[in-house]
Amino acid sequence: MINRLLKFLDASPVNFLAVKNLSAELEKAGYRRVDAREPLGKVSAGDRFYVTKNDSSIYAFHIGRKSLADAGFRMICAHCDSPTFRVKPCAEMLCEGGIVKLNTEVYGGPIMSTWFDRPLTLAGRVIVRGDDELNPKTLLLHVRRPLLQICNLAIHFNRQVNDGVKLSKQKDMLPILGIITSELERGNLLMSVICEELSISPADVLDFDLYLADAIPACTYGVHNELLSSGRLDDLSMCYAGLEAMISTDTSDATKVLAIFDNEETGSQTKQGAGSPFLASMLQRIALAQGGTLEAFYQAVERAFMVSADNAHAWHPNYGEKYDPTNHPVLGGGPVIKFNAAQKYASDAVSASVFAEICRTAGVPCQRFVNHSDVAGGSTLGNILASSIPLRGVDMGNAILAMHSCRETGSVADHIYCVRAFQQFFS
């Protein structure tokens, strides 16, 4: 199971590739792809299908033995985007000595210092001409070798670096792509990489969405190999745990839903984010495709339960003072239920009790997280989704260290625990 997770992490450096890989796993498990532009047709118990939006979010459905109106649905939600750096248009910046750096902008909220002095690569999508203007073609790009690096300034020029330095997103975070060796490469270094990787002509390229990614493979570490080290554990580890549970459980009375959204790190307010009505419209279409009415969808919502799966903060042995004195989850302690009095999380006493019982039945330990009252916390997609579909639900996740670092740390045991809890939820 852990080897599968590591392979998925290595193959999914950006949202587009994560959705491609999730799609492939679903198809191997018997799920068929549905085009949201086409009629859904009649759906019956046991039917399995999925749909994507913008190539960066994916929604899988396993139709239950009972109708949506009678049994509702059980939903696991996660997100496939992570903080990184997006390559800007006209990105190449030629410097002295022929060095070319790329102009980038920050996506989400990364710990920027963790991106220095490590091999990086490029991944994303490239848009090329199609049959007509409204339908260009999309090609996915993943350069599978170290290609760039953001280099620190030597300590000799920055003696205060170990006392803390304020970083400029525009000045300090620009990666070196390479050194030009001829005038033909001037202004064309990035395009030459794109075209060589995809075997296309520069004239065919219309635009791209490209991002920086860690080029070092995911791995386990620790005396017992008990820890996980990888970029994008937040939140690809939850995406993959949901996938494992989805494809390993049989048809149940309720309809199972796996919803993997994009753009959680920037607020979820996009057509492929949790703030979009897209998922609600798909569930309505399923209710109608079962021979029901819009009323059946409303009934299904009242019978539904949502697990919003987004990683939590593990207790850090060097910074214990940052955590709540009585609610600080630890690595290896099991899934974490997250609470917040300002309603940044969807959990309440009822939904937390439901998930805790699911864990108990699955034989899995369960923890709770609340912010230290003097430390502002983050938010996630659970309450955003619940504001458009009034779902009963819980916010949870596995505890990790260094959230939003270029490389995060999680627990092998917690991933196994989480899959077992999700399997119980879907059973």
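This is a predicted model: local features need pLDDT of at least 70, side-chain atom pairs count only at pLDDT 80 or more; totals for chains, interfaces and linings use all residues.
Residues are numbered from 1 along each chain as its sequence is written, and side-chain values use heavy atoms, with hydrogens and water left out. Helices (H or I, at least four residues) and strands (E, at least two) are DSSP runs numbered from the N terminus.

An open sheet of nine strands has the order β1-β2-β3-β13-β4-β14-β18-β16-β17, and its pairing is mixed; two strands pair if DSSP finds at least two bridges between them. The edges are formed by β1 and β17 (367-370), each of which has a single partner strand, so one side of each lacks a neighbour in the sheet. Helix α2 packs on this sheet and touches β1, β2, β3 and β13, where contact means heavy atoms within 4.5 Å. The direction of α2 makes about 20° with that of β3; axes are lines fitted to C-alpha atoms, for helices over the stretch in contact, and angles run from 0 to 180 degrees between N-to-C directions. Helix α5 lies across β3, β4, β13, β14 (305-309) and β18 (393-397), and runs at about 150° to β4.

Buried means under 20% relative accessible area, exposed over 50%, and partly exposed in between (1.4 Å probe, protein chains only). In a regular strand the side chains alternate between the two faces of the sheet. In β13, Thr255, Val257, Ala259 and Phe261 point one way, Lys256, Leu258 and Ile260 point the other way, and all are buried. Strand β3 (residues 57-62) pairs with β13 in the antiparallel sense over five bridges. Across this pairing, Phe61 stands opposite Val257 in β13, and Ile58 has Ile260 as its bridge partner. Strand β4 (residues 73-79) runs parallel to β13 and is joined to β13 by seven bridges. Ile260 of β13 is also the bridge partner of Ala78.

A three-strand open sheet has the order β11-β12-β20 with antiparallel pairing. Its edge strands are β11 (219-221) and β20 (408-411), each pairing on one side only. Neighbouring strands of this sheet are turned by 35° against each other on average, direction ignored. Strand β12 (residues 227-230) pairs with β20 in the antiparallel sense over four bridges, and Leu227 stands opposite Ser411 in β20. Two helices lie across strands of this sheet. Helix α5 (residues 233-248) lies across β12 and β20, at about 35° to β20, whereas helix α10 (residues 412-426) lies across β11, β12 and β20, at about 60° to β20.

Helix α5 also packs against helix α2 (residues 15-28) at an angle of about 15°, with the axes 11 Å apart. The two helices α2 and α5 are therefore roughly parallel to each other; angles under 35 degrees count as roughly parallel, over 145 as roughly antiparallel, 65 to 115 as roughly perpendicular and the rest as oblique. The crossing of α2 and α5 is right-handed. A crossing is left-handed if the near helix is turned anticlockwise from the far one by less than a right angle, and right-handed if clockwise. Ala18, Leu22, Glu25 and Leu26 of α2 make the contact with Leu236, Cys239, Leu243 and Ile247 of α5. By class, this contact of α2 with α5 has seven nonpolar, no polar and one charged residues. Ala, Val, Leu, Ile, Met, Phe, Trp, Tyr, Cys and Pro count as nonpolar, Asp, Glu, Lys and Arg as charged, and the others, Gly among them, as polar.

The axes of helix α6 (residues 278-289) and helix α7 (residues 294-303) come within 8 Å and cross at roughly 120°. That angle makes α6 oblique to α7, and the crossing of α6 and α7 is right-handed. In this contact, Ala280, Leu283, Gln284, Ala287 and Leu288 of α6 meet Leu294, Ala296 and Phe297 of α7. The residues of the contact of α6 with α7 comprise seven nonpolar, one polar and no charged.

Arg37 is placed in the loop between β1 (32-33) and β2 (48-53). Its relative accessibility is 68%, so Arg37 counts as exposed. The C-alpha atoms of Arg37 and Asp163 are separated by 55 Å, and the two residues are 126 residues apart along the chain.
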